[in-house]
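Morning, everyone. Today I'd like to talk about aromatic rings and their partners. Please have a look at the model first.

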Amino acid sequence: MAAATVVKKLSPPSRLEGGGFTIKDLLSGAPNDYIDPFLMWHELPRSYHKPGQMPGAPMHCHRGFNEVPYCKEISGGNSEQYGHMKMRDHAGKQDLMRPGDFQWGKVGCGIEHEALIDGRWEGYLHFFQLWVNLPKAHKMDAPFFQDAAAAALPVVTLAQNPLVTAKVLVGGLQGKDSPVQPCHVSVEYLDYTLEGGARIKHQAPPEMTTKLLYIYKGSGSIGNPPISAKMGELLILSSESLVEIEAGSDGICFMLATGRYASSLHFAPGVALSAPAAVLFKDCILFT
């Protein structure tokens, strides 16, 4: 079986987001034809924050897509007492997002919400935010949220190599399925950790022709032929189902997002639209 090749390797830029914190804009510079159905992907890189330094994301609004946050880590300092993200929306829904928690939020016809952390908190924070498109027929659906606590998400040690583990955020692996079901779009979303020198061949579902891999720790070789890549780099892969990864001596940790090219499902095709895909207002983003 043919393996996926690396189509493009990018070094995403950093910029300010939300109330003034720094993120990496992972899809900045990525060709639109290769990222559909994904609209945006941000990493809040692992860093230490003193009390009051993390402003969070004050109240803002969205419409017309799926918002998919993943709290990779909150640790150190006084995190046992204050280490959680307070999520609140205009309809009164309130949640606490703790380390390892995950959410799939179909914002549909629109929400206003905020994500804030206690001003007394200090410690390490590592966070990802992914936006996934909705089909045109579902962009005005009622909002619907699926919350998954860290303990509910499978962490799988791979049979092909015990030096490899994967946390299943969306999709399934070795018969272990995430409790989260993507809304109206085919997506697989995994958090992989390979120890030094480990190799794997990840078999994505054949319909997942879009493949994005972001390295948040370590280094390794990706694809066939292998391309060297390191922490902070995004790799866009070709449509073949098989993805080959080999960790460097220091190991490698990466996020893998795969999806079905939306235009084949009569979606508003990602951001590759002849008409504007996004309408921007103050503190508000609408995907039309």
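A quick word on the source. This is a predicted model, where local features need pLDDT of at least 70, side-chain atom pairs count only at pLDDT 80 or more, and totals for chains, interfaces and linings use all residues. Residues are numbered from 1 along each chain as its sequence is written, and side-chain values use heavy atoms, with hydrogens and water left out.

How do we describe a pair? We use the distance of the ring centres and the angle of the planes. Rings of Phe, Tyr and Trp (its six-membered ring) pair if their centres lie within 6.5 Å; planes under 30 degrees apart are stacked, over 60 edge-to-face, the rest tilted. How many aromatic pairs does that rule give? The count is 10.

Take W41 and Y189. Their centres are 6.1 Å apart and their planes at 65°, so this pair is edge-to-face. W41 is in strand β4 (residues 38-49) and Y189 in strand β17 (residues 187-194), 148 residues apart. Strands are DSSP runs of E, at least two residues, numbered from the N terminus.

Buried or exposed? Buried means under 20% relative accessible area, exposed over 50%, partly exposed in between (1.4 Å probe, protein chains only). W41 is buried, at 0%. Y189 is buried too, at 1%.

Next, Y48 and Y124. Here the centres are 4.9 Å apart and the planes at 80°, so the pair is edge-to-face. Y48 is partly exposed at 36%, and Y124 is partly exposed at 29%.

Last, the charge. The charged end of R46 sits over the ring of Y124, 3.9 Å from its centre. That term needs NZ of Lys or CZ of Arg within 6 Å of the ring centre and within 35 degrees of the ring normal.

Conventions. Helix = DSSP H or I, 4+ residues; strand = E, 2+ residues; numbered from the N terminus.
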